[in-house]
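Good morning, and thank you for joining this group meeting.

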Amino acid sequence: MRLLSPFLPVAVSLVLLSCSQSDPMEKRIDELIGQMTLGEKIAMIHAQSKFSAPGVPRLGVPELWTDDGPHGVRPETLWDEWSAAGWTNDSCTVYPALTALAATWDRSLSGLYGRSVGEEARYRRKNVLLGPGVNICRTPLCGRNFEYMGEDPFLAGQMAVPYIQGLQSNNVACCVKHYALNNQEFERSGINVNVDDRTLYEIYLPAFKTAVQEGEAWSIMSSYNRYENEYVSHNPRLLKDILKGEWAWDGAVISDWGAVHDTKGAATGGLDLEFGSHTNGVDVGASNAYDSYYMAAAYKKGIEDGTYSEEELNDKVRRVLRLNFRTQMGGNFGSMCSPEHYADARRIASEGIVLLQNKDGLLPLKGEGGKIVVLGENAIRPMAVGGSSSSLKAQKEVSPLEGIRAAFAGWNVVYERAYQGEPTVTGRYNYGLYDLTDPRSDRQLLSDALAAISDADYVIFVGGLNKNKMQDCEGRDRLDYHLPYGQEAVIEALSAARKDLIFINLSGSPVAMPFADKVGAILQGWYLGSEAGNALADVLSGAVNPSGKLPFTFPKELSDGPVKTERQYPGVQDENGRWQVYYDEGIYVGYRWYDSRDVEPQWPFGYGLSYTSFDYGKASASSKKMGKSLSFKIPVTNCGTVAGAEVVQLYVRDMEASVDRPFKELKAFEKVYLEPGQTKTVTLTIDRDALCFFDAAKHEWVAEPGDFQALIGSSSRDIRAVVDFRL
Ligand code: GLC
């Protein structure tokens, strides 16, 4: 029987072949490339619609469908449009935003997340889910921090890998984004990022490298911005030399939507699949835009007249076919909005909530059937919709107020708005519309709130940011580090009446909290998705003991941070009018900066409290010297009366480097679950690479012999044990 009959579906051919030859996929791809016409090859490497690229019908290669992510599967759009098609069966489970996932510091939960959202993408017949985002949080003002995994490249990489593997276990490809240096939204479509090599390799590339080498990501998204004055989507240094060269990656580079600007650049710069061209990333393109894509007619002509090599085209086709095959095989059909998926979303959400302050053990709420007053616009505001491309049509979204009412059914739960922000959603598509307009004046809202709280047993203020433009939203950055809509004044007024106010901050970025010492308890509540209200109530009631840790620093003031000049952020225009941004702070991003300048943050990286407390015993090392690897053991005891989880973090300090190095750098962490009174010995292992810095002159990673320290602790500023060792 001809196993390779082109009329057999590709998957069947591959399955039949897999028993007889090694790596049938590569063999099949070679065959197909040999059979494809130039027109079929050219068609395959650029979009045919807003979110899909063609296969090869004649040879049985199916179309390739992508969709956003990363927190759930975006609603279907019309063929050429950004706006939703208005289907009635494409609502999804909304999972917590990736900052919340990072805040769990739990690799197994990240794997659960990837598997779960991958089942939804599979069910919706998507080959590629456009996520996860791993851009480093360089400034708290970046509009898309909420889609990323914090300020530390090691944490971001470690937490991205299981998501990628979970997702791809469904035969749904990830598309790790936005590679690279897309750390702000201001002028994102063309700003040129000026960064030294050491900083590039130590801070901005590692999460992508880990995603590629450990996560085995099947696709990566090239970002809008420029680097070395060349668009990243045409940038041979980033796409060919580093990604496909140094990292030996065999996947497909998919452009961000509208990030391609030139045929030569795209054809020879390392791009494999062009999406969204001729749009500014928001509006629609001309109906025949697909023929005028940069890697369409013009590229075909260039191949025919010998300007471009067919071999280079074949490499693109090979990578796209690999992406196609990897996502067409496998017999699973996924599932959508199942009870299991809601349970997954709720578990990840409640594990990502960070307890920042808890004066006099105010939390969890105690007693039976009293009066709880819930305040704030964010207690009732839907957050799944908004934020632009990650905006989702939730089949279910439990608000904080609804969650509290459900968990405290026997109590009298009263709601007061207290402040009115923007009563409608902006930065969204044509679904999920709502209007929370309240006719009362700000003064009236506050006085009604003050009246309500006077006899309350508990007062919970749910505020923070939202997904509107200039908040946590793609396309724009925030203009102010402080909470919007006059919330600080409202919180001051309320806390004057109730020092035991409980403040829940919903945001995907750090915000100023100058009122922290005036309130009783503070929770960082993120954007938690479909089960947000239930997850928050789980923590408020004590059903879940909070165990989240911050994936980025909350500075007291923006000016405490490393970004001091206009050229550092948002950037300046050069003599040609091109926007230039300079990463002058170099490697001193986040806690690396605050440690080195000994600036006390509001809340440090890696910080988070629990309803119990943990005691760290004496740490020991497997050796005094680093061999291939070095393990540290430390006993951790739950000294309290409730079960809980602790994230034990290990930072490395180079005691005698020839170059300036941060005071400490995260190089290992483990989350340990402990019953009351239980002790477990946590093992943290690092290898030689953990001691390296990047020597830009030699263009290699260097670990200098000498003294090092392992700093083991509960946060980057709560070090419980120090172990000396040598290289
Ligand atoms: C957007 C975003 C990207 C998204 C893509 C498709 O502009 O930058 O993250 O996946 O276009 O919506």
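I shall speak about the ligand, then the cysteines, the aromatic rings, a lysine and a serine, and finally some details of the backbone.

Please note at the outset that this is a predicted model.

Let us begin with the ligand. Which residues come nearest to the ligand? Of the 15 residues around it, the nearest are D68, R144, H178, Y224 and D256. By class, the shell around the ligand consists of 7 charged, 6 nonpolar and 2 polar residues.

For H178, a polar side-chain atom is 2.7 Å from a ligand oxygen. In the side chain of E474, an N or O atom lies 2.9 Å from an oxygen atom of the ligand. For R74, the distance from a polar side-chain atom to an oxygen of the ligand is 3.4 Å. How much of the ligand's accessible area does the protein cover? On its own the ligand has 310 Å² of accessible area, and the protein covers 99% of it.

I turn now to the cysteines. How many disulfides does a search of the whole structure find? The number is 0. Consider C174 as an example: the closest cysteine sulfur to its own is that of C175, and the two are 7.1 Å apart, which is too far for a bond. A disulfide would require the two sulfur atoms to lie within 2.5 Å. C175, for which the nearest cysteine sulfur is that of C174, is likewise in no disulfide. C174 has a relative accessibility of 0% and is therefore counted as buried. C175 is also buried, with a relative accessible area of 0%.

The next topic is the aromatic rings. A pair of aromatic rings is described by two quantities, the distance of the centres and the angle of the planes. Across the whole structure, a search finds 31 aromatic pairs.

Let us now consider a charged residue, K549. It is located in the loop between α17 (532–541) and β17 (572–573). With a relative accessible area of 1%, K549 is buried. What does its side chain contact? The side chains of K549 and E646 are joined by a polar contact of 3.1 Å.

S110 is a residue of helix α5, and at 0% relative accessibility it counts as buried. Its C-alpha atom is 5.3 Å from that of P162, although S110 and P162 are 52 residues apart along the chain.

I close with the backbone. Where are cis peptide bonds found? One runs from G69 to P70, with omega near -10°, and P70 lies in the loop between β2 (64–68) and α4. Another runs from L363 to P364, with omega near -5°; P364 is in the loop between β11 (354–358) and β12 (371–375).

Two further residues have a positive phi although neither is a glycine. For S388, phi is about 80°. This serine is placed in the loop between β12 and α14 (400–407), and it counts as buried at 14% relative accessibility. For Y485, phi is near 65°. This tyrosine lies in the loop between β14 (458–464) and α16 (487–497), and at 24% relative accessibility it counts as partly exposed.

Thank you for your attention.

Notes
Residues numbered from 1 in each chain as written. Predicted model: local features only at pLDDT ≥ 70, side-chain atom pairs only at ≥ 80, totals over all residues. Heavy atoms only, no water. Near = heavy atom within 4 Å. Polar contact = N/O pair within 3.5 Å; in protein donor to acceptor, adjacent residues only side chain to side chain. Areas by Shrake-Rupley, 256 points an atom, 1.4 Å probe, with all protein chains shown as cover. Nonpolar A, V, L, I, M, F, W, Y, C, P; charged D, E, K, R; others polar. Buried < 20%, exposed > 50% of the residue type's maximum accessible area, 1.4 Å probe, protein only. Phe/Tyr/Trp six-rings, centres within 6.5 Å; stacked < 30°, edge-to-face > 60°. Helix = DSSP H or I, 4+ residues; strand = E, 2+ residues; numbered from the N terminus.
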